[in-house]
Amino acid sequence: NASRLTVTTNGSKHFDFGVTSDDHVVFVYYNEADSRLYLRYSNTTVTGANPTTAIAWTTSTVTFPFYVGNYVSMDIDSVDGIHISAYDATDGDLAYLYLPSYSSTALEHVTVDAAFSVGYWTKIKVLENGTVKTPYIAYYNSTENGQRDTIKLAYTKSGITAGSIPGG
């Protein structure tokens with residue numbers, strides 16, 4: 001296919017994507033024009049069997065907080081929960097956001113680290129042990145630039161469940 005399949009025309013360099021267990025492609029991106037994250041997902045499954053077929057996209061109706069979304073990273077767990085880490089430019093913090101599925105609007109948002117200026121260049125991975133899901137977030141601590149503690153790792157000792165996500 002000589003043409004491009006466009007997801008959005010108002011994205012930025014801050015984006016990530018993944019594929020759910022039922023082969024829906026999910027994109028999360030920071031829109032710099034209105035300073036917030038957006039989530040888009042494919043309306044149908046995308047398997048690569050027909051690479052020239054146009055893909056229809058749906059924009060999620062979830063409302064992400066303002067100024068949270070630079071340096072975004074996303075991981076999709078085995079039951080299609082959406083785990084997002086990003087920089088909160090309002091306070092210079094590391095934020096964690098969770099949606100139970102790509103079509104859900106039940107967004108949960110907590111601050112993970114608020115010590116100085118943290119949360120740049122995030123990378124999130126979710127470790128699963130049965131039904132317990134533990135997000136691990138590696139990120140850059142710009143306050144310690146040139147020091148010994150520039151890369152940090154945050155995780156919760158108890159794992160997470162919808163409605164019970166610890167901050168800090």
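In the protein chain, residues 24 or more positions apart account for 43% of the contacts with a separation of 6 or more, where contact means heavy atoms within 4.5 Å. This is a predicted model, so local features need pLDDT of at least 70 and side-chain atom pairs count only at pLDDT 80 or more, while totals for chains, interfaces and linings use all residues. Residues are numbered from 1 along each chain as its sequence is written, and side-chain values use heavy atoms, with hydrogens and water left out.

**View 1. The whole chain holds 11 strands and 0 helices.** Helices (H or I, at least four residues) and strands (E, at least two) are DSSP runs, numbered from the N terminus. Of the 168 residues, 45% are buried; buried means under 20% relative accessible area, exposed over 50%, and partly exposed in between (1.4 Å probe, protein chains only).

**View 2. The largest nonpolar core has 19 residues.** A nonpolar core is a set of buried Ala, Val, Leu, Ile, Met, Phe, Trp, Tyr and Cys residues joined through side-chain atoms within 4.5 Å. The members that touch the most others are V26, L37, L39, F64, M74, I82 and I84. Two or more residues each come from β2 (25-31), β3 (36-42), β5 (68-76), β6 (82-88) and β7 (93-99), and β5 gives the most, with 4 residues.

**View 3. Here we zoom in on I84 and its contacts.** Leaving out residues up to four places away in sequence, I84 touches V28, L37, F64, V72, S73, M74, A95, Y96, L97 and I124. A second, separate core of 12 residues includes L94, Y96, V112 and I165.

**View 4. D113 and K152 form one of the 2 salt bridges in the structure.** A salt bridge is a side-chain nitrogen of Lys or Arg within 4 Å of a carboxyl oxygen of Asp or Glu. Side chains of opposite charge can pair when their charged atoms come close. For D113 and K152, the N to O distance is 2.8 Å. This pair links distant parts of the chain, 39 residues apart: D113 sits in strand β8 (residues 108-113) and K152 in strand β11 (residues 151-155). D113 counts as buried because its relative accessibility is 11%, whereas K152, at 24%, is partly exposed.

**View 5. K133 forms a salt bridge with E128.** Their closest N and O atoms are 3.2 Å apart. K133 is buried, at 8% relative accessibility, while E128 is partly exposed, at 31%.

**View 6. T156 and T161 are both found in the segment after β11.** T156 counts as buried because its relative accessibility is 16%. Not counting residues up to four places away in sequence, T156 touches T134, P135 and P166. T161 is partly exposed, with a relative accessible area of 46%.

**View 7. The largest pocket has a volume of about 180 Å³.** Among its 12 lining residues, the closest to the centre are T45, V46, T47, N50 and T53. On a 1 Å grid over the protein atoms alone, a pocket is an open set of points where a 1.4 Å probe fits, with protein on both sides within 12 Å along at least five of seven lines; lining residues have an atom within 4 Å of a point. Grid points are joined across faces, edges and corners, and the volume is the space filled by probe spheres set on the points.
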